[in-house]
Structures are given as C-alpha cells and as structure tokens.
Amino acid sequence: MLDDVPRDPFADDPDDPAAALGDPDDPEPLTTDERDEAMTDLADVEVFRSLLEPQGVLGLVLDCPECGEQHYFDWELLRGNLRQMIENGQPQVHEPAYQPNPTDYVSWEYARGYVDGVIDTEEHR
C-alpha cells in the first residue's frame, strides 16, 4: 500500500469529525479519465518539485472549490494525496499546513509556467 503516506491524524479517534461522511473504505472508483488525469497530475508534481524545491519552494497553493479558500500543500502531501486518489479513489485525510508562509508556495499555473520556461531555455541552447 502507501507506506510513505502520513498517517491519518484522526485514525482510531472515536470523535473523528469525518465520521459523518461515511465509510472511507468504500469510495467510488475513479473513471479511466479521472485516473489518467490524476496520473498526469502526479507526474507534473514530481517535475514541479524537482525544479522548484531547489529554489526554496515548499509546495503548491490551490484554490479550494468547496470553501473558496486557498490551501497550502507541501510536496509530500501533494504526492501522497494523488497516489491515494489513484489507488483508492479518494484523497487521504490530512491536516492543513500550520501558518504557512505564502511566499514559500506557488500556484499550479506558476509551476507549469516555470517548467515550460525551463524547457524552452533548454531547447534554445
């Protein structure tokens, strides 16, 4: 399974706030298109990390469509969530970043543009 994924902070907690959401062991399987998209996203995150982490970027900031707020994800949490999604059809439960410094994170669009810039630079050498 996923030995490198952080443990659910509410595992074995009788007051787990997510208990009302139902049994997480019975998620809807991903469609082929959803699985392919998650695999592409995972590959993108690996490339983003390899290029941006040495520049001091700790992860990505993503806009949450459910709450309308921004969520900060470090590279390992992003990687773990995508792998969990691919294997089990849903992301893992996780604790949000504690008082993240927004300057340490970039958007998906910024990361994509950075990678494209690196590729363009390499092609013109």
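The model is predicted, and its mean pLDDT (the predictor's confidence in each residue, from 0 to 100) is 85 for the protein. A score of at least 70 is reached by 83% of the residues. Where pLDDT is low, the predicted coordinates should not be read in detail. Among the elements of the protein, confidence is lowest in helix 2, with a mean of 90. Confidence is highest in strand 3 (residues 105-107), at 97. Local features need pLDDT of at least 70 and side-chain atom pairs count only at pLDDT 80 or more, while totals for chains, interfaces and linings use all residues. Residues are numbered from 1 along each chain as its sequence is written, and side-chain values use heavy atoms, with hydrogens and water left out.

The protein holds three helices and three strands. Both are DSSP runs, numbered from the N terminus: helices are H or I with at least four residues, and strands are E with at least two. Read from the N terminus, the order of elements is α-β-β-α-β-α.

The three strands form an open sheet with the order 2-1-3 and mixed pairing. Strand 2 (70-74) and strand 3 stand at the edges with a single partner strand each, so one side of each lacks a neighbour in the sheet. From one strand to the next, the twist averages 35°. Two strands count as paired if DSSP finds at least two bridges between them.

Strand 1 (residues 59-63) and strand 2 run antiparallel and are joined by five bridges. Asp63 stands opposite Gln70 in strand 2. Leu62 has His71 as its bridge partner in strand 2. Gly59 stands opposite Asp74, also in strand 2. The two strands form a hairpin, with six residues between them. In the turn, Gly68 has a positive phi of about 75°.

Helix 3 lies across strand 1 and strand 3 and runs at about 85° to strand 3. For such angles, axes are lines fitted to C-alpha atoms, for helices over the stretch in contact, and angles run from 0 to 180 degrees between N-to-C directions.

Of the 125 residues in the protein, 23% are buried. Buried means under 20% relative accessible area, exposed means over 50%, and partly exposed lies in between (1.4 Å probe, protein chains only). The protein exposes about 8,800 Å², and carbon and sulfur atoms supply 51% of it. These areas come from the Shrake-Rupley method with a 1.4 Å probe; for residues, only the protein chains shown count as cover.

In soluble globular proteins, nonpolar side chains tend to be buried together. A nonpolar core is a set of buried Ala, Val, Leu, Ile, Met, Phe, Trp, Tyr and Cys residues joined through side-chain atoms within 4.5 Å. The largest one here has 16 residues. Those with the most contacts inside it are Phe48, Leu52, Leu60, Trp75, Leu78, Val106 and Ala111. Helix 1 (32-52), helix 2 (75-88) and helix 3 (108-123) each supply at least two residues of this core.

Contact means heavy atoms within 4.5 Å. Among contacts in the protein with a separation of 6 or more, 66% are between residues 24 or more positions apart. Leu78 is in contact with Val45, Leu60, Leu62 and Phe73, leaving aside its neighbours within four places in sequence.

Val106 belongs to strand 3. Val106 is buried, with a relative accessible area of 12%. Beyond its neighbours within four places in sequence, Val106 is in contact with Leu52, Val57, Gly59, Leu60, Val61 and Ala111. Val106 and Leu60 are 46 residues apart in sequence, yet their C-alpha atoms are 4.9 Å apart.

Two loop residues were also examined. Leu58 is found in the loop between helix 1 and strand 1. Leu58 is partly exposed, at 41% relative accessible area. Apart from neighbours within four places in sequence, its contacts are Phe73, Asp74, Trp75, Asp104 and Tyr105. Asn101 lies in the loop between helix 2 and strand 3. Asn101 is partly exposed, with 39% relative accessibility.
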